[in-house]
Amino acid sequence: MTDGTAGEWRGWRAATQAALYGPDGFYRRPEGPAGHFRTSVHASVLFAEAVARLLCRVDEALGRPPALDFVDMAAGRGELVTGVLAALPADVASRTRAYAVELAGRPHGLDHRIEWLPEPPHGITGLLFANEWLDNVPVEIAEVDPAGVARRVLVRRDGTERLGEPLSGAEAEWLARWWPLPAEEGLRAEVGLPRDEAWADAVAAVARGLAVAVDYAHTADARPLFGTLTGFRAGRETAPVPDGSCDITAHVALDAAREAARAACAASGGRVLTQRAALRALGIAGARPPLALATTQPAAYVRALASAGEAAELTAPGGLGDFGWLLQPVGIGSASLGDLLVDVPDHEEQ
């Protein structure tokens, strides 16, 4: 059983923390995240290949250092970092120090080159990549009461909710700045302050290089009226019940996270792009191969067609292509970000 009794009322942040990361929490299960939902990492090896290209661009921007770090945040069972190592050119792979950051135990048979850590190392020279991490950093939920006051939502282990005390202090300040709620009963928001702090800490671990967060996202001009809190179990969306039986997730205010890292550490600038734009800049286009190839090289055509289908899934509007990519350079200058992701259409930026 996860921490907390069935009848105990707690804020969603504490309840989610116990349900996901407690001794028997969802993310400590042996099947791992891949047993319950499909991420870009699981959709296609093309995703890891694109991240490997990004790491190579960071390597060039750093002047090809003797040791190049790649840090996979919320590594699951190490699928992404394994794929990135496999996709790197030999000369880059030989200099790469690979780290998987995950609270669950090290998977059996993982590549010996990958160091398994509960938190990122400090002094990173290279690329820190956080794919679908911030959406699982637990947050409080706010809801407007009949008097127009934003209150903390309390929840029991079975998912039953009630309203608690009004938000105050730093949480109220965050809400006012990043997700102001009109005085209309029932409107909800996720208070992203813990995510901002977690992201700023992660970026602070980078001495020189690039930090990237990829997640479900929204920005200040399009916050959802009733929040995005939800659950996933065995490949299906379900009610978010904090009993350890399902994933509990909510979309991320990446614009707030960007500003938090700017303010807290040496991260210069930063851009939020769609995954569609970012992957296209890294060579993942999803274009169908020429039909003539089916006649001249049928096996190559079938392979290219399969690859195009996978690329299309990774960049699809209304799907994985709408994910947000937050890119923040550290110690390599704002101009280096443009060099790392060239030909990104301006209209794809958020």
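This is a predicted model: local features need pLDDT of at least 70, side-chain atom pairs count only at pLDDT 80 or more; totals for chains, interfaces and linings use all residues.
Arg113 and Asp111 are joined through their side chains, with nitrogen and oxygen 2.7 Å apart. Both partners are partly exposed: Arg113 has a relative accessible area of 42%, and Asp111 one of 22%. Another pair is Arg156 with Asp158, whose closest N and O atoms lie 3.9 Å apart. That pair still counts, because the cut-off for a salt bridge is 4 Å. Here Arg156 is partly exposed at 26%, and Asp158 is likewise placed in the partly exposed class, at 44%.

Salt bridges with shared partners also connect Asp59, Glu60, Arg64, Asp91 and Arg95 into one network. Within this group, Arg64 pairs with Glu60, and 3.4 Å separates their closest N and O atoms. Arg64 has a relative accessible area of 37%, so it is partly exposed.

Let me turn to the fold as a whole. The protein contains 12 helices and 17 strands. Of its 350 residues, 55% are buried. If we consider contacts between residues at least 6 apart in sequence, 72% of them link residues at least 24 apart. The exposed surface comes to about 14700 Å², and carbon and sulfur atoms account for 54% of that area.

The largest cavity holds about 70 Å³ of space. Its lining consists of 13 residues, and those nearest the centre are Thr16, Val139, Arg195, Leu229 and Ile248. Helix 1, residues 12-21, and strand 14, residues 247-249, are the elements that each supply two or more residues to this lining.

Which residues line the second largest cavity? They are Trp174, Trp179, Glu190, Val191, Gly192, Arg195, His218, His251, Val252 and Ala253. Two or more of these lining residues come from strand 9, residues 188-191, and likewise from strand 15, residues 252-253. Five of the lining residues are nonpolar, three are polar and two are charged.

I would draw your attention to Arg195, which is named among the residues nearest the centre of the largest cavity and also lines the second largest cavity. Thank you for your attention.

Note on methods: Residues are numbered from 1 along each chain as its sequence is written. Side-chain values use heavy atoms; hydrogens and water are left out. Helices (H or I, at least four residues) and strands (E, at least two) are DSSP runs, numbered from the N terminus. Buried means under 20% relative accessible area, exposed over 50%, partly exposed in between (1.4 Å probe, protein chains only). Contact means heavy atoms within 4.5 Å. Accessible areas come from the Shrake-Rupley method with a 1.4 Å probe; for residues, only the protein chains shown count as cover. On a 1 Å grid over the protein atoms alone, a cavity is a set of points where a 1.4 Å probe fits but cannot get out, and a pocket is an open set with protein on both sides within 12 Å along at least five of seven lines; lining residues have an atom within 4 Å of a point. Grid points are joined across faces, edges and corners, and a volume is the space filled by probe spheres set on the points. Ala, Val, Leu, Ile, Met, Phe, Trp, Tyr, Cys and Pro count as nonpolar, Asp, Glu, Lys and Arg as charged, and the others, Gly among them, as polar.
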